[in-house]
Amino acid sequence: MHHDLQINRLRTLVAVVDLGGFRRAAESLHITQPAVSQQIRQLSGLIRSPVFASTGRNLRLSPRGEELLRYARRMVALNDEAVDRFIPQAGHVMLSVGVSSQLGEVLPEFLRVLNRGMPQVQLSVRTGSSEELAAQLTGGQLDAALLLQAEPTGPGTDSVELGRMRLAWFGRPAHGEREAVPLALFPEPCTLRGRVRDALDAAGIAWRVSYESGELIGLRSAAKAGLGMTCLVANGDELWGLAPSVRPGLPAPPEPLPVTLAVATGAVPEGFTDIAEKALRQALRSYPLVPPPDGTGPGTPPVQAGPVAEAGPSGSVDGPAHGAGAGPADGPSDGPAHGPRTGPADGTADGAGQVLAGAVA
C-alpha cells in the first residue's frame, strides 16, 4: 500500500519550524491556525509518532520529527523547482525553442537580446539536428526553432530565412589520395548528408562512410582524430578547432544552406518573432552567412567587400573572419584545394551542435 506525502503538509511543517510557531506559520501560508494544527496531526499519524516533542514557546521537534523535516525541506524544494520549470509565474510566458547544433554558439547573444526585449519570456532550449527539430516543431513539442536545412518547414509554421550558411570541408584523414574518401556524416534523414554525397559523386570522387553520429561533437571528434572528412559550417575551424581538408581534386563544398527561423503558428506571444529575428541576426554575424539568392531582403545585413570590423551591440568588436558581410569572392568555391585565397575575410575556414536554459533573467 502506498502513502503520499502531501506537499502542503510538508510545507506547513517547514513553515512552523522556520517561523517558530503555529500562528506565524498560519499567517505566512494564509490558512487558519486550526488548519496548521490539523496538518501537523496528520503528519504525526503518518510517522506514527509526535512530530513535536513540545509546542508553544518551547517548540521542539521529536527525533522522528527532525528526520521528517529533512525530507520535507528537500521535497518542498524539488516541488517548487518543478513548478517553476513547467508553470510560468504570473505574467510570464514559457516557450520551447530549438537550435540546430551547428548554430549552438548563437545562444548567448540570442538569449541576451531576447531577454532584454521580452523579459517575461522563460525559455526551454534544446539543440539537435535541424530535421529532428523541424519534426518537433510541427509536432507541437517546440514553439520556435533555428534551422539549418534546405527543406521547407512543415505545415502550421511561419518562417523567415535569415540568410544562407556557407559550408566547408574539414578533417585530414590518413589515407592514400587514390583511396575512397572516408566520411564522417550525420545519419539519415539529413539534408547536408545528401548534398555531400552529391558533390563528391559529381566530381567523380569515390567515398565511404567511416563514421556516423547524430551528435555534432561526434563528427568533430572523428574529424580531429583523422577518422574521416566531414562538411560543416565554414567557420568550424574557429568554432571548434577543426583542420580544413586539403586534397587534390576536392570539389567545392555544397551550396550554402538556408538558415531559417521557424515559429509554430499562434504559439508565441505578440512581438516574439520580430525580437527573436533581430536577436538571431545579431548573433549570426560571426558566422559565414550570405544573403539569400533573392537579395538582402528586409533586415538582412548588406553585403560588404573585404574584412570590415563591426562593433557589436555590447561594445565588442566582431571580427571579420566569418561575418555576414562576406562578399561574393568568399563563395563556397573557395578553399585550399581550389587555388589562392581571395582575402583575409574568411580566416582559415575556407575549404572548408534537453538543455534547459531555465528562466531567462
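Strand 5, residues 144–148, is largely enclosed by the rest of the structure, because five of its five residues are buried. The model is a predicted one.

Strand 5 pairs with strand 3 and with strand 11. Strand 3 spans residues 93–100. Its pairing with strand 5 is parallel and rests on three bridges. Within this pairing, Val 99 lies opposite Leu 146 of strand 5. Strand 11 covers residues 257–264. Strands 5 and 11 run antiparallel and are joined by five bridges. Here Leu 148 stands opposite Val 259 of strand 11.

The cysteines were examined next. The disulfide count is zero. For Cys 190, the closest cysteine sulfur is that of Cys 231, at 9.9 Å. This separation is too far for a bond, given a cut-off of 2.5 Å between sulfur atoms. Cys 231 is likewise in no disulfide, and its nearest cysteine sulfur is that of Cys 190. Both residues fall under the 20% limit for burial. Cys 190 has a relative accessibility of 11% and therefore counts as buried. Cys 231 has a relative accessibility of 3%, so this residue also counts as buried.

Key. Residues are numbered from 1 along each chain as its sequence is written. This is a predicted model: local features need pLDDT of at least 70, side-chain atom pairs count only at pLDDT 80 or more; totals for chains, interfaces and linings use all residues. Side-chain values use heavy atoms; hydrogens and water are left out. Buried means under 20% relative accessible area, exposed over 50%, partly exposed in between (1.4 Å probe, protein chains only). Helices (H or I, at least four residues) and strands (E, at least two) are DSSP runs, numbered from the N terminus. Two strands pair if DSSP finds at least two bridges between them.
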